[in-house]
Amino acid sequence: MAVSTWFRNLIKPKNFIEAQRPVLALTFIGGMTPFRLVKQNNQTILQCSTFGYANSFIHTTIFILCYGIAIYKSESVTGYFIRSDISNLGDILQAATGIGALVMTFFYSIFQRHRLIEAFYSLALTDQHFNEIGIEIDYQKSLVRNYTIVLLQLLVLATYTATSSTIVLSSGYSLCLAAWITFLLPFVMMSMIIILYFSLVDQCKHRFNLLNKMLEQLRIKTVQKQLLRYSDKHIAEVPMFQKPFAVTMVFPVSVTEIVNHLASIQSDLCDACESIEDHFTLQMLTVVAISFLISVFDLYYISEKIFTDGATSTHVNKFQFVAFFFYQGLVHVIAVMKIVYIASMAIRENKQIAVNVHKLINVNNYDDELTKQLTNLSLQMTHRKVAFTAYGFFKLDFTLLFTLVGAATTYLVILVQFSLNQSQPCNQSMINYVTTPANTTLSP
């Protein structure tokens, strides 16, 4: 009986916090969050646990020790494929970035945990406002969506690990465990961050989308002149939304009250987005920096292998070499694209609210009170804007992709020029040797 009740609660969440169970459980195991779900006064709340703090500390300690061992033994997965001054520079930069990012990410997750808690409770508060105007959130759909996000990211992580391990182990070459951990660690850490970030921003995006659908339905009813029949004593029918997670209910509120609640919901969603931005701002900078660094060096290694075939390991053939670095760079590029996509979609949905508000104002010629409420909501939209950044250095939107492509091209050209300058003295000596007569003594 107890098992069946536990399983029923697991697959049928009753509130927003319970619907985030798979995301919170995975990040808790990975040491990224110290929270656990606790029942208190018939409500589910987030509670920081001592084991959560200890788990984060253990993860940080193990990873730093592995980095130290790998550096001490001069072992790296990249060094197995290619050995050159540039590859050594890449290993040093990735190790330094990985250690710094690891420490900052784990400790930032602990010290900024209150911002993450505020984001969860702000989203839970928006659901209460939706309920006040007759809209109930289907948390089971939210749970399924979170399971999908988690499983897809874990699938990418498993594929990345399996592909890399297969290519290296197929040649019979063995690396120490510390080298493997330092190789897989950055992407594992990024996967945990992306899952939590994507899930929260996705919840904000869908609630912004729900606001837009309600405003669109109100505009349609106004155009049809049905709003003239409504008064404070009549029942306003809330629009029907089957997706993403809303159901229809009829609630005795006026249209002006609905707009007033919509303003409160938009404000709460902006609070949630600000909390998400404050908590993840440094982590997003870490993810983008590591992904950019790895992608640039991977692209250089592939170019050098294809066009020069120099300074590479003989353990693997050209296809294995290119496949390894191409897939490594690809998964990191996809990680950045996922962050940019979900952040841009949330920002666009929030901007669309202002458009729908003004469309409703333009067609409303019958209710002055409604126009006043819509004008206040429009003014609120002017001051409450949603933006996601990487510690203020750049915005997380589609323009970031163009910037990264331009920067990657620039640094790739620099690396190629550096590689050519390295090989130039040797080539010049060969030219002098060939063109100098045999009886001529070369001056030093």
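Ile-58 is placed in helix 4, which covers residues 50-73, helices (H or I, at least four residues) and strands (E, at least two) being DSSP runs numbered from the N terminus. The model is predicted, so that local features need pLDDT of at least 70 and side-chain atom pairs count only at pLDDT 80 or more, whereas totals for chains, interfaces and linings use all residues. Residues are numbered from 1 along each chain as its sequence is written, and side-chain values use heavy atoms, with hydrogens and water left out.

Ile-58 counts as partly exposed because its relative accessibility is 45%, where buried means under 20% relative accessible area, exposed over 50%, and partly exposed in between (1.4 Å probe, protein chains only).

Cys-273, located in helix 10 (residues 255-307), counts as buried because its relative accessibility is 3%. Apart from neighbours within four places in sequence, Cys-273 is in contact with Cys-204, Phe-208, Val-386 and Phe-388, contact meaning heavy atoms within 4.5 Å. Between Cys-273 and Leu-123, which are 150 residues apart in sequence, the C-alpha to C-alpha distance is 9.2 Å.

An unreviewed UniProt entry places the feature "transmembrane region" at residues 50-72, 92-111, 149-171, 177-200, 284-302, 322-343 and 398-420; these positions are given in the numbering used here, feature names are shortened, and annotations may be inferred rather than shown by experiment. In the model, residues 92-111 are 100% helix and 0% strand, with end C-alpha atoms 28 Å apart, and residues 284-302 are likewise 100% helix and 0% strand, with end C-alpha atoms 27 Å apart.
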